[in-house]
Amino acid sequence: MRTVAGRLGHADPSVILRVYSHVIEERDWAAAAVMGQVLEAEVLRSIRWPEPEELDAISDAMDSAIDHVRRGDGHGALRAVRRVSFAIFELSPLHLLVAETKRFWDRAAVYRALDLASLEDPDARDLSGYYETLLGLLESQDRDGLVALNSEHRMSKAASLRGA
C-alpha cells in the first residue's frame with residue numbers, strides 16, 4: 001500500500017483508501033466477509049486439538065505477528081497473521097476445505113492489503129488481546145468459542161475496512 005501510495009505521489013497510504021475504496025462495491029465486501037466466515041467456521045469446527053509443541057509454534061507465530069504490527073510492518077504482519085491462521089486451519093482433516101480457504105485468502109488479498117492503513121490506528125495495532133483469547137480457546141478446547149471469536153474478528157475487520 002505504501003509503495004502504491006508513493007508511486008501515485010501520496011505520502012500517506014490512507015489517501016489510497018479514501019480515494020479509491022469506492023471502487024470496491026458494498027456487495028463485494030459483504031460477499032467476501034460471508035464467504036470467509038463460512039469457510040473458516042467449517043474448518044474450525046473440524047480441527048483436532050493441537051499438541052503442546054503445536055501450541056508453542058502457534059504462540060511463536062502470534063508473537064511474530066504482534067511484533068510486526070507494533071513495528072508498523074504491514075506486509076510482515078499480514079504474512080505472520082496468515083501463518084497463525086493456517087497453523088490452526090491445517091489442524092483440520094478437511095484438506096479440500098482448507099485448500100479452498102487458502103484460495104479464498106489469496107483471492108481476497110486486496111481486502112487485507114487495504115487493512116495495511118489501519119496500522120496507523122493505535123487501537124488496531126494491538127493483536128495481543130485477540131491472540132491471548134485465541135490461544136486460551138485452543139488450550140481449553142472450546143470449539144464454539146473459536147468459531148465465535150473468528151466470526152466476531154472477521155466481521156469487525158470487514159466493518160472497519162468499509163469505514164463503519
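Select Pro52, Glu53 and Asp60 on helix α4. These residues are exposed, on the face of α4 turned away from its buried side. Exposed means over 50% relative accessible area, buried under 20%, and partly exposed in between, with a 1.4 Å probe and protein chains only. The model is predicted: local features need pLDDT of at least 70, side-chain atom pairs count only at pLDDT 80 or more, and totals for chains, interfaces and linings use all residues. Residues are numbered from 1 along each chain as its sequence is written, and side-chain values use heavy atoms, with hydrogens and water left out.

**Stop 1: the rest of α4**

Now select residues 52-70, the whole of α4. Helices here are DSSP runs of H or I with at least four residues, strands are runs of E with at least two, and both are numbered from the N terminus.

Which residues of α4 are buried? Pick Leu55, Ile58, Ala61, Met62, Ala65, Ile66, His68 and Val69. They lie on the same side of α4, because they cover an arc of only 160° around the axis. The arc is that of the directions from the helix axis to the C-beta atoms.

The buried residues of α4 pack against both. A contact means heavy atoms within 4.5 Å.

**Stop 2: helix α8**

Move to residues 128-139, helix α8. α8 has 12 residues and reaches 16 Å from its first C-alpha to its last, close to the 16 Å expected.

Colour Tyr130, Tyr131, Leu134, Leu135, Leu137 and Leu138, which are buried. Their arc around the axis is only 160°, so they sit on the same side of α8. Turn to the other side of α8 and find Glu132 and Glu139, both exposed. Then step on to Gln141, which follows α8 and has a positive phi, near 55°.

**Stop 3: the whole chain**

Zoom out. How many helices and strands does the chain have? There are 9 helices and 0 strands. Of its 164 residues, 40% count as buried. Among contacts with a separation of 6 or more, 70% come from residues 24 or more positions apart.

Finish with the surface display. The chain's accessible surface is about 9,200 Å², and 54% of it belongs to carbon and sulfur atoms. Such areas come from the Shrake-Rupley method with a 1.4 Å probe; for residues, only the protein chains shown count as cover.

Note on methods:
Expected span 1.5 Å × (residues − 1).
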